[in-house]
Amino acid sequence: MRFSRFLRHDTEMVTGRERAGVERSQREKLRRLPLLAAIVAETLPTVEEQMETNRQAKREAERSIRQRRADEWRQGRTALYRLSSNLRPLALEYWNTHRWLPGSPQHLIAMVGSIERGALTPDKMSAGIRTSLETTARLGPVAVGPAPKGWHLKSA
């Protein structure tokens, strides 16, 4: 089954911009309360502590996003296998060959929902498969560019 990989951000990479952002944030907190600056300064974490807190939050957010995406894939595959035995292979072929559908779980769920509602009929799926195969033969496979700097595919 075709799918698009989830790009993971390297949360361990420390940049000067991140450090400067934390320092700027702390300066701003002190500037807002000039009469209480000494008290506020005591309660502020160090730059390193704040950056570690930020990294932990990023890791937790990524874990949460990946878990939600995995749950959506399970939901989409369950919906796909609920289709009748004569529609399921056609729907799977449509999904795997359709070059304009992103390989995301939300699109799989939406595609199966369209089939269940009757908006995406076997005739439309067959025509879509033919069109996609013809276009791929004419233009070649869809090119996927490199990931943005700082993003990479990690095995998880």
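Analyst: Helices are DSSP runs of H or I with at least four residues, and strands are runs of E with at least two, numbered from the N terminus. This is a predicted model, in which local features need pLDDT of at least 70, side-chain atom pairs count only at pLDDT 80 or more, and totals for chains, interfaces and linings use all residues. Residues are numbered from 1 along each chain as its sequence is written, and side-chain values use heavy atoms, with hydrogens and water left out.

Just after α5, G118 takes a positive phi of about 90°.

Buried means under 20% relative accessible area, exposed over 50%, and partly exposed in between (1.4 Å probe, protein chains only). The buried residues of α5 are P105, L108, M111, V112, G113, S114 and I115. They pack against α3 (47–82), α4 (88–97) and α6 (122–139). Contact means heavy atoms within 4.5 Å. Leaving aside neighbours within four places in sequence, I115 is in contact with L83, L87, A91, L120 and M125.

From helix α3, E72 is in contact with P105, Q106 and I109, again leaving aside neighbours within four places in sequence. A polar contact of 2.8 Å joins the side chains of E72 and Q106; such a contact is a pair of N or O atoms within 3.5 Å, where within protein one must be able to donate a hydrogen and the other to accept it, and residues adjacent in sequence count only if both atoms are side-chain atoms.
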